[in-house]
Structure formats: C-alpha cells, structure tokens
Amino acid sequence: MALGSRKRIVVVGLGMVGISFIEKLLKLDARTRAYDIVVIGEEPHVAYNRVGLTSFFEHRKVENLYLNPLSWYEGVLDGALSYHLNSKVTDIHPDKKSVVCDNGQEVGYDILVLATGSDALLPRHTPGHDAAGVFVYRTVEDLDKLIAFSAHQKGTVGAVVGGGLLGLEAAKAMMDLECFDKVKVIERNRWVLSRQLDGDAGGMVVEQVQNLGVDVLLSKRVGKIDVDENNSVKGFFFEDGDYMSCSTICFAIGVRPRDELARKAGIKCADRGGGIIVDDSLQTSEPDIYAIGECASWQGQTFGLIAPGVEMADVLTFNLTQAELHQPRLYKRPDLSTKLKLLGVEVASFGDFFADRDGPKYLPARAKKGGQTTPDRVKTLTNGLPPAPVKALTYKDPFQNVYKKYIFTMDGKYLLGGMMIGDTGDYVKLVPLVKNQKELDMPPAQLILGAKKEGADDGDDLDDDTQLCSCHNVTKGDVVKVTKEGTCKSIGEVKSCTKAGTGCGGCMPLVTSIFNKTMKDMGNEVKNNLCPHFMYSRADLYNIIMVKRLKTFPEVMKEAGVDPKSLGCEACKPTLGSIFSSLWNKHVMDKPHHGLQDTNDRFLGNIQRNGTYSVIPRVSAGEITPEKLVVIGQVAKDYKLYTKITGGQRIDMFGAKKQDLLDIWKRLVDAGMESGHAYAKSLRTVKSCVGTTWCRYGIGDSVGMAVRLEERYKSIRAPHKIKGGVSGCVRECAEAQNKDFGLIATEKGFNIFVGGNGGAKPRHSELLAKDVPPTEVIPILDRYLMFYIRTADKLQRTARWLENLPGGIAYLKDVILHDKLGINASLEAQMSELVDSFFDEWAEAINNPSIAAQFKQFANTSDTLENMELEVDRDQLRPVMWPAGSNTAGVDDFASLKTKWSSTTWMPVLKASYFKGADNLPNGISATVKISDTQLAVFRVRGKYYATQQMCPHKRAFILSDGLVGTTPSEEPSSPWISCPHHKRNFDMSDGSCKNDKGFSIATFEVEERGREDEGIMVYVKLPPVEELDAALGTKKWMVKKGEAVKGQFEELDERIGFKGRSRSKKPGVKAVGGGVNLGRRPVELMVGGGGGCGNAPDW
C-alpha cells in the first residue's frame, strides 16, 4: 500500500502485551502494508520480560530481559515501526484523534491501542506506606531501587507482604540478594497462593517454602508501618497488635489497571476494580480506540496474567488485518491456567480449579444433558447451597511433596480443572482436555496415577493444537510447522520465530524435545556444533582427537575444521585445550597448548578483578596438618595476600601478582603442597564430614574415602568443573547430594549419587548405586567420570549432562553398572592412564625455564606497576571497588586516538627473538610492554605484528595481552581480535573496534621489525610523544582508585549498628551493639526471666 494511504496505529505502552500486538501486526500486515505503527513507552527500556524479572538479580543487565534486541526495532523496514521511550502519554483527544505526550509532542492516530498495563498496589491507607524501605515489585526500576537499598541492609529482616505469585517471586528475589539475615512472607489468608490453590495445596507450598529458609506468617494483616525519626522502616504492627521488626518491606498485594488516561479522556471504565471497559472486539466506548492486556476490563473482569493479554493481541491484530476476508474474531473466556516454579516449588493450576468450592463456572454441553435440576429456592434458603455438581480426585504424597487435585463432572467423563504441586509434568497434556471439553477415554484415576514413560518426553502423544507456551499461545503445531517448512533450523530460531520460551521459559524443555523429534523424523540432523569453526560437537571432536591421536590445535583444525588455517575463537580454543588435557595430560603452559587456555588456566590461578591471581593449594578432603597451615599463613603474611576459607574446605589466598607466583608456589611446594586446580575445569574438591575419624554418629570413614577420591581424580580436566562429597552417615554434613558425585556411608558401604550441583541452577543428585562396597566405589566412579568426559557438551556440568542424556539415570545405570555398551573396561583403562600421568603443574612451572620466563609483568623491563589501588577491609588488603556502571563507554573513544596524536615516531620496545615460534602457535605470542607510565600489548600472530593498549576499557583492567586471539570465519585470515580475559569483549587488533559491544574500543598502533640479523632485530611501535601517550593511556590516569565507587555497601549499616571491625570496644556479651540505635532486641537473660546461671538458660 502506498505510504500516504497507510493508516497509523498508535500503541500506548511497550510492555509484553504491547510488543506482542506489534509483532503479530507486523507479521499479519507484511504483505498488504496497510498500517504504520507508532509505539510510545513510558519506561526507558524497550519491551522486556516482566515474567522473568527475578532473573535480573543474577545478571543485573536489563538487556538480558529484552524480548527483542534494540537492533530488531531499528531493523523493521519501510518505516513500519517507530518507537519512543521515556515518553508518557498524558492526554487522549478522541475528537482530534491524537494523543499528547509529557514533552508536549502531539501524535495523531487512525487507530489507538491502549496497552498501559497495571500498577502494583501500595496500601496508601496504611500509615508509613511512604517510608524509606517500602517497595513494590513490578518494573526494572523497582528492582534497581530494591537492590540499591538492600545492599545496606546486611543482617536485617526483609519482609514481603502478600503470599501470591508475585509475593513468592519477590521473596525469592530478596533471598537471592543475600543481603538479609531473614526473609519473611506475610499473607492475610490461611495459606499462600490462595487464588490458585486450595488449603491442602497451599499448606504444602508453605511447608516447602519454610524449608527453604523463608518464614511465612499466615492470617496476618499489616496495620501500621513503624518508622524512625528519619522516616525509615523499623518494622510494622499487625492489626492483631503483634509487632515485627524489619528494615525492608516489599508489597506484592496485587495490581490495579492503569486506566487513568482513559478516564481523563472520558472513555468508560469499570467502577469496581478499575479497567478500561471493552466489548468482545476489544473496542472501548470510543470508536477506533481499543484496550488490551491488564488495563482492559472485559465482562467485568481484568486479568493479571500475560496469556489473556496475548490472546487479546491475537484477536485484535487478526481483526485489523483479516476481518475483510474472514469473520471477525471475538474475545472469549480466557484460559487462566498457570504453571510456574516459585522458590524452587513447581506449582500449576488449570481450568476451573475451584469448581468443587465455588461450583462450576461452565459445564460441557453433553454433561449438562445429564440433567442438573434447579434447586428449590425455599430449600436453598433453608439448607444452603447444594454440593457442587462435580467430583474431585485428590492425590497427596507428603514424602515427595506432591499434591494433585483434578476436578471432574459427576459422571467422570470430563475434566474441568485442577491443581498440582511438586509434579507438574502432566500439565501440558491436561490443559487441552479442559479447553477442548474433550470426553475422556480413560477412567479419571488413570490421569492422576498413570505410569510415566521412561526417558525424555518428546511430545509425540500431544495433539497439534496442544498449547506449549501459555505466555505467547504457541502450540505444538506451530513448532512443528516452522520446523517442517524449513523456516527454523535451530531451537534459537524457533524461539525467535514463534516466541515460545521468551516469556517465563518453562516450556523450553518440551519445545526443544518436539523440535528435535521433528528434525529427526524429517531425516535432518539436529546440530550441536562447537562454534562456527567446527561442524562438530564437543563430544564428536573428543572422539576424532582420541581416535586419530591428534595432539595440537593446527592438527585438529586441519583434520576437522571448517578452514584448516583458522585461528579459532574463544569458544573452541579452550574446549580443545581441555580435550587435549583430558586425553594426553601435557602441561597447559607448554607452548603448543598455552595459547588455547582460557583466563584462569593461562597462569595456573584464578585471575581477579585487579589483574592479580588467587593461590589455592590442594587440601584433600579438607584435612591439613598444623605445619602446612603455618606455611600458608606465613606466605600470605609475607606477600600481603587476602585469605579466606573456601566453600570446598581449603584456604584461598588472593592478590598474588603474576611476577610473585613462582616464589609463592615454591614455598608451598617445598612444604609438601601442590596446586589445588581451583583455576581449572577439573576436579576442585571432595568435601567431607569428619566421619568415623572423630564423630560419634559416623558409620563410614568419610575423610579416608574423600582423600582417596581427591588424590585419584585431582588435575583431570573435564568439560566443566567437578565437585565431590563424602558423608559419613545419613545426616549428610558434607552435602554429598548436591555434588557432581557424592557418597553417603551406609551399613553396607556407600550409596553413590551423581549429577547434582549447586550454583545458579541447583540440582539434587540422583542415586546411581546403593550399598556399594568401598572396593567397588573407584571402578564405578572411574566409568562415570570418563563417560561424562567423553560425551558431554562444552562447559556442561554433570547435572545438565544427565538431564540431557537419553534415558537419563536409568540409561546411565545400564552403561556404568551393567556395561550395556561394552565399554567399561575401556573407560577404566583410560581413567587409570590419566591418573598415572599426574604431575603438579605448579612444580613443573617452577622447574621449567621456558614456562617460568612467562611470569613477568612486563617483557621489556623489570619495573612493575600497580594496576588498581588497594584498601584495608576487615584487617586485610583488597582492591578498591569498581565504579558503578560502565567506566569509559561513551567517554573515551580510544580507537580514535590515532587521529589525535600531534606526531608519531618509531620506538623500539622488544627484541624480535621474544616472538620466536609465534607463527606456528594457535594464539601467536603476546607481550606486555611498559612505555613510561603506559602499558601496551604487543602480539605476533600468523606472521604479523599488532599493538594495542593493555587496558580493557570495560572495567579498566590491564590484561589484554593475556587474552585469546581469534577470528570469525567470514573475516579470515585477516582482522584477528583479542578477547579480554575478564568479560570476553573482543577487540579488533587492527582498528580497535569491539566486535560484541559497540560501546567500547581500544587504541591500536603500527608495529614492524627493524634492524639487521647481526645487530639484533628489534620490534618497533609507532608511538606519539610520551607525554601525550601517558595523558591518554597512562596507568595512573586509568587505574581504579579509592573513592570512585559508589557509597560502600555497608556504610549506612555500620553507622546504624556502630560496627568498627572485628574488635569491639565493649566486651562480648548479650547486649545489642550500636550507637544508641534501638534494634528491637532484648538480652537473653530477659527472655528467660532474668538470668540465674546455666539452669535458667534456654535449651537452644
């Protein structure tokens, strides 16, 4: 359609429903191009996943929540979409068909779509609601405020008012902050999730939530918020007179539709509950104005879930684009089914889930024919309402924390709704039975007690109209269609094309299974390539390297790479380096392998944010002698190292400079210690309780077994880190059931658990073998670990590997215990070979001159520089905090410096012999050089020199020379980039641009060799005058200094409680500390009646 004849649709609100409407309209209008869209968003961000807000606490990057990247908005062709952020619409003029923004801009429309969403409720009738420390949980801005405030609340109580879906999400978020000593949920009803669950199910959720460390206070209503003289939260009084102390309150008591804009314009809104009144076509009382999502009131109802809003977007976009060719769609009763994971608890409700309590809202037509008689009004008044004409089937397993209640018609032929706790696996199959009012072809009990299939669910028994993604109304047929048509050839493309998995993400396992099954049925291979340089997975490459006995990166690239001459990248180099170590176990700092190592393996220590390293000697099973403890203490003292006990029962020393590492290691090695491999993707520790060595409850020697396991598997590289644990009895003090492998002693030996981990996605391990005699433990673990090393994907923990292993734990048992594949002898032999090849990497580095020579700060001088200021914290030195936000982005375009120098001259920096052999190495050879106060990184890669600044501008860390060099296949063999060891910003070594973060760049310089062989060839760099160089790139200018960071996390807390470090001015006692601040505590003796000796002490 011609530009001038297109209608303009203005969308007010760029939330999840607003963007859904836009995406659907662009898709449906792609051919006719009847509309141009203008969207006006009040927030400073484009549309983001509000359902996944809790994940924001893990990464703190709003971009990770974006439903579409910024490039998507810019990439919409032909002016079909324009967007405005940070703009609030203040007025609608229906008579002029225009809207006015807060900046005075007036935008005309042909059609107006209101998708203004809703606001979190704040009880403004409650005294103290405006105090400092009161929050709601709705937007990224709300979360930023909560994060900033909570950082100063260490050791206090955080409270969430509201035990619904949002309240439990908020509680999870406050727990993830790790700022509060306790998080408490206050719910006015007798159980949580009262809008989705009945009392039994809600009570089970309460129990599970409490087991996770969250206190739940039921049947409580907040009466008044207690504040101090600064109007900061101290606690609150309940309506029943009880009092609770807390520093932070997050209200999650519901939402209210944002209808104020419509009301102001005279558009009809609901008096009770609010919302813009719409008809079945979603039109408001004004022509050409529509409302969708949480702001819309349809048949007196508003919906606080995304799915009904997406359905509204479906209906409206269809009618705007297809109504001339097809009967217009009407909005019908939405499906309010929900399936979520809250605080680790699986919860689902579907259909008419309260039909047994409130009576059915609807009955299938055939069920109605059964003849439900209308009750006599007199009898109703006398005897009350008759029982609901439904029957409920309930299953409750308190041992597995599983609860299911399915509600049927009286004859059991139709499923009306239900709820699930703990096991929600059948949710996706049951929802269509309710929506389609399909008569059951099985007894009702079979739905709740039917046997599960072994192995993964590929969705083969699901109908095409089965909804997989309730957030975006994506069916199985949608996924199958785009796969069969060839539109989508990867799971990422399926997500982008259908939007499945871009809401809460809970549908992705099933979506992935259906995609893989469809691809397989079509005869297509589901590819899991390592990176663009290889058309093989990590497991494929492992087998190729093992069978062909390949020993170097060039050999593998020649044999299996896309381009035999490729430099690789930051993904494939560390993976191949790990495979070489898993197979041949050569020193990772040997020249053929050093350039493959990722950040931490590069210098055998975890690099820290100021460019120094941590040193962790091995302490097998946490058992150490006093003599070794003394040596560790003396080394830490002499080198001013920050020391801390790790979670794996050993001692970490932070702040070791690269040039000091060899001397530190030598002192530890001379004392009988060795590398703890804390830097490697290998075995970290085998944690143990004290077991029968000392404990009166122990029934197995957990320390002895843990020592043997750690000594056996130490240094063995794997796809990811491996952690073990051994507990001496069922009390499980070593937490063996959340480890990659764990043992629990029994009367008959050890139970072996596998595939567990903590971290960002915790997973309980699964029982592999029971009552295993100690002599059989090693062979079983040998097979298990080697099978994992052979078959896992890159950077895949055993937990995810086991989840993705076809057949799961049952298949693993067949392979490891019953030798189903006939490879157990091979697995054991390969593990024994690796174990026998052990050497201490620290000792080897000390004794190998070519390796030892690399432990210098600068290659051209023995001078040293501090890269970040230090400060004393709790009697130890640590680097000052990073400044908040980006440090240099948008402030200093370092790549443009080459055009700003007043002059440049060639300056010799190093002998060319330093780079001898670089052209044959996968990463070339790099050097850090010091010119006055400036640090430069010089590289020789594939016959060419490059020079850049040493500082990565992202966090002002002076570390670029230690990064991995790589290229992308389309650019080879030119334009290599250097990947920052800290956060993997990839900088072009020719022009300085950042390939994966346009906000940053680095300075680059010309380099060449000069001189004659007999006089010694030198490497020259073309540099500006030293004064200009230091002014632009000097270490003193850019090193992070004290005072740059925001206010310390604990300054406010320390001021409130009078914290002055570990030493206290008063003798330790029961009195609360703090400069006159009443923390609401009472001495222990008052709690027990005034003291009087041990006899009156409470029995803790």
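Asn231 is found in the loop that runs between strand S13 (222–227) and strand S14 (233–238), and the model in which it is seen here is a predicted one. At 30% relative accessibility this residue, Asn231, counts as partly exposed. The phi of Asn231 is near 60°, a positive value in a residue other than glycine. As background, most residues other than glycine have a negative phi.

Ser715 belongs to the loop between helix H23 (702–713) and strand S32 (722–727). Is Ser715 buried or exposed? With a relative accessible area of 4%, Ser715 is buried.

**Aromatic rings**

The count of aromatic pairs comes to 21. In one of them, the rings of Phe603 and Tyr613 have their centres 6.1 Å apart and their planes at 65°, so the pair is edge-to-face. Phe603 lies in the loop between helix H20 (591–594) and strand S28 (613–615), while Tyr613 lies in strand S28, so the pair ties together parts that are ten residues apart in sequence. Phe603 is buried, with a relative accessible area of 4%, and Tyr613 is buried as well, with a relative accessible area of 1%.

Another aromatic pair is formed by Tyr788 and Trp801, which is edge-to-face with 5.4 Å centre to centre and 65° between the planes. Here Tyr788 lies in helix H24 (residues 774–791) and Trp801 in helix H25 (residues 798–804), so this pair ties together parts that are 13 residues apart in sequence. Both Tyr788 and Trp801 are buried.

Which residues do ring pairs link into a cluster? The cluster consists of Phe603, Tyr613, Trp665, Trp842 and Phe855.

Rings also take part in contacts with charged side chains. The charged end of Lys714 sits over the ring of Phe838, at 4.4 Å from its centre, and Arg731 lies over the face of Tyr697, at 3.8 Å from the ring centre.

**Helix packing**

Two packed helices are described by the angle between their axes and the distance between the axes. The table gives these values for two pairs of helices.

| Helices | Axis distance | Angle |
|---|---|---|
| H21 (residues 626–638) and H22 (residues 661–670) | within 10 Å | roughly 165° |
| H1 (residues 16–28) and H8 (residues 306–322) | 9 Å | about 30° |

Angles over 145 degrees count as roughly antiparallel, and H21 and H22 are therefore roughly antiparallel to each other. H21 passes H22 in a right-handed crossing. Angles under 35 degrees, by contrast, count as roughly parallel, and H1 and H8 are therefore roughly parallel to each other. The crossing of H1 and H8 is right-handed.

Helix H21 also contains Lys628, which is partly exposed, with a relative accessible area of 26%. Between Lys628 and Met673 there are 45 residues of separation in sequence and 7.8 Å in space, taken from C-alpha to C-alpha.

Ser932 is placed in the loop between strand S39 (925–931) and strand S40 (934–941), and at 36% relative accessibility Ser932 counts as partly exposed. Ser932 and Asp598 are 334 residues apart in sequence, and their C-alpha atoms are 30 Å apart in space.

**Cysteines**

A disulfide is a covalent bond between the sulfur atoms of two cysteines. How many disulfides does the structure hold? The structure holds zero disulfides. The sulfur of Cys269 is 9.1 Å from the closest cysteine sulfur, in Cys295, which is too far for a bond. Cys980 is likewise in no disulfide, and the nearest cysteine sulfur, that of Cys952, is 3.5 Å away, whereas a disulfide needs the two sulfur atoms within 2.5 Å. Cys269, at 11% relative accessibility, counts as buried, and Cys980, at 2% relative accessibility, counts as buried too.

Conventions:
Residues are numbered from 1 along each chain as its sequence is written. This is a predicted model: local features need pLDDT of at least 70, side-chain atom pairs count only at pLDDT 80 or more; totals for chains, interfaces and linings use all residues. Side-chain values use heavy atoms; hydrogens and water are left out. Buried means under 20% relative accessible area, exposed over 50%, partly exposed in between (1.4 Å probe, protein chains only). Rings of Phe, Tyr and Trp (its six-membered ring) pair if their centres lie within 6.5 Å; planes under 30 degrees apart count as stacked, over 60 as edge-to-face and the rest as tilted. Helices (H or I, at least four residues) and strands (E, at least two) are DSSP runs, numbered from the N terminus. A charge sits over a ring if NZ of Lys or CZ of Arg is within 6 Å of the ring centre and within 35 degrees of the ring normal. Axes are lines fitted to C-alpha atoms, for helices over the stretch in contact, and angles run from 0 to 180 degrees between N-to-C directions. Angles under 35 degrees count as roughly parallel, over 145 as roughly antiparallel, 65 to 115 as roughly perpendicular and the rest as oblique. A crossing is left-handed if the near helix is turned anticlockwise from the far one by less than a right angle, and right-handed if clockwise.
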